[in-house]
Amino acid sequence: MIVQPAADGSREALFKRWLEQHSGLVFKVARTFAPSDADRADLVQEILLQLWRSLPRFEGKAKESTWIYRVALNTALAWHRSEKKHRTAQSPLLAIEELPESDDLAAREREELVANLYAAIRLLPKVDAALVLLYLDDLSYREMADVLGISETNVGVKLNRARKELAELMKEVPHGR
Amino acid sequence: MDDELKNAWQSQTSPQRLTLDAGLVLNEVRRNERQFAAMIYCRDLREVGVAVVLIPVWFYLGLKQSLPWSWYAVVPALLWIAGFMMIDRIRQRPHQPKPGDTLRCSIEKSLAQVEHQIWLLRNVLWWYLLPILAGLLVWPAHRTWQTRDDGWQSLAEFAGITFTFILVFGFIYWLNQYAVRKQLEPRRQELQALLGSLNESGETSSH
């Protein structure tokens, strides 16, 4: 789908649609790069702000999810690099609510696996962590290359190594969120 | 193994529920965008403004106390600093990382920014401290020359003023180099490591 550069009205509509359709992606990036709840809320807020700023540059040439990944990962890496700024929103934008444990054994096991996966990904070098996120969300090599700005061949080499490292780490990590 | 991980990842349900109110988010990002624009404007104004504001203050003091021409020797230095900062800011603006850049492009731009900051602070002596110091010392030197009949006393006075200025400016220089060592160099190394990890399979930059 080709999207025209966002004008005033469409910018707002597009942003709201992205929030509805792709907020899961933002949360995944935030959960990977910010382990604590406070940091996570802070990072989500920063990613959303950068997404809003990125809208005038979005021309629809890249897939929406690829674009959002670019913005989210850039923000997460920069956020990690710089001082953490706890923005003071006038109202809390992000409500974090603990859910009761599921009764379903399969669901509980899956949650545990995902928690271990996050813990293992956090131990990877940052670029590898970003690559693994994209891989787990089933992006193609082309799309991963497009997010990171490297060649598909390079994606293949790095991903191979990162997957091996992740598999090793998965054997070692304690449970984590 | 990979398929199992992918399935679990893609169907993940967090032990926490994270909810967003789209309307609130929209209001907040707009408010934040205005704040950001104001912050950039204030920063630019502050950096250039201090030098610009000092010029009329200098003229006011000089005219009020009927001071000689040498009092105004600092004005060209202030103009030079204001101009230098303004041109530098304008030249650097297009090179800032933008949301939507690829990861590599964003890291390269950030690295270039940090390296430029390091260059500025390392050379602060030449473009900031020395012009101001030279401008500031012309007036006491001129006064010493005018009162040279007093002998050692006026020379000692000039030496004292010069020493004090050198101490103050030396401290400012040290502060700038400290910021390079403690803040900018570690950030540069971190960015270089990130860029290196993107490049390490032997690929050269595509930008």
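**Entry 1: B:Glu185**

I looked up the burial of B:Glu185 and found that, at 15% relative accessibility, this residue counts as buried; buried means under 20% relative accessible area, exposed over 50%, and partly exposed in between, with a 1.4 Å probe and protein chains only. This is a predicted model, in which local features need pLDDT of at least 70 and side-chain atom pairs count only at pLDDT 80 or more, while totals for chains, interfaces and linings use all residues. Residues are numbered from 1 along each chain as its sequence is written, chains are lettered from A and ligands numbered from 1 in the order in which they are written, and side-chain values use heavy atoms, with hydrogens and water left out.

I placed B:Glu185 in helix 6 of chain B; helices (H or I, at least four residues) are DSSP runs numbered from the N terminus. Not counting residues up to four places away in sequence, B:Glu185 touches B:Ile118, B:Arg122 and B:Val180, contact meaning heavy atoms within 4.5 Å. I noted that B:Ile118 lies 67 residues from B:Glu185 along the chain, with 7.7 Å between their C-alpha atoms.

**Entry 2: Aromatic pairs**

I recorded 13 aromatic pairs over all chains. Rings of Phe, Tyr and Trp (its six-membered ring) pair if their centres lie within 6.5 Å; planes under 30 degrees apart count as stacked, over 60 as edge-to-face and the rest as tilted.

The pair of B:Phe84 and B:Trp127 is stacked, because the ring centres are 4.7 Å apart and the planes stand at 20 degrees. This pair links distant parts of the chain, as B:Phe84 belongs to helix 3 (residues 74–92) of chain B and B:Trp127 to helix 5 (residues 124–146) of chain B, 43 residues apart. I found B:Trp127 buried, at 10% relative accessibility. Ring pairs join B:Trp80, B:Phe84, B:Trp127 and B:Tyr128 into a cluster.

I then examined B:Phe165 and B:Phe169, an edge-to-face pair with 6.4 Å centre to centre and 85 degrees between the planes. They are four residues apart in helix 6 (residues 152–199) of chain B, so about one helical turn separates them. B:Phe165 is partly exposed at 24% relative accessibility, whereas B:Phe169 is buried at 11%.

**Entry 3: Charges over rings**

I checked for charges over rings, which require NZ of Lys or CZ of Arg within 6 Å of the ring centre and within 35 degrees of the ring normal. B:Arg143 lies over the face of B:Trp139, 5.3 Å from the ring centre. The charged end of B:Arg148 is placed over the ring of B:Trp145, at 4.1 Å from its centre.

**Entry 4: Helix 5 of chain A**

I found 10 of the 11 residues of helix 5 (residues 126–136) of chain A buried, so this helix is largely enclosed by the rest of the structure. Among the buried residues are A:Asp128, A:Leu133 and A:Tyr135. Just after this helix, A:Asp138 takes a positive phi of about 65 degrees.

**Entry 5: Cavity**

On a 1 Å grid over the protein atoms alone, a cavity is a set of points where a 1.4 Å probe fits but cannot get out, and lining residues have an atom within 4 Å of a point. Grid points are joined across faces, edges and corners, and the volume is the space filled by probe spheres set on the points. The largest cavity holds about 50 Å³ of space.

I listed its lining, which includes A:Phe15, A:Trp18, A:His22 and A:Ile68. Helix 1 (8–33) and helix 2 (37–54) of chain A are the elements that give two or more residues to this lining, and helix 1 gives the most, with six.

Technical notes
On a 1 Å grid over the protein atoms alone, a cavity is a set of points where a 1.4 Å probe fits but cannot get out, and a pocket is an open set with protein on both sides within 12 Å along at least five of seven lines; lining residues have an atom within 4 Å of a point.
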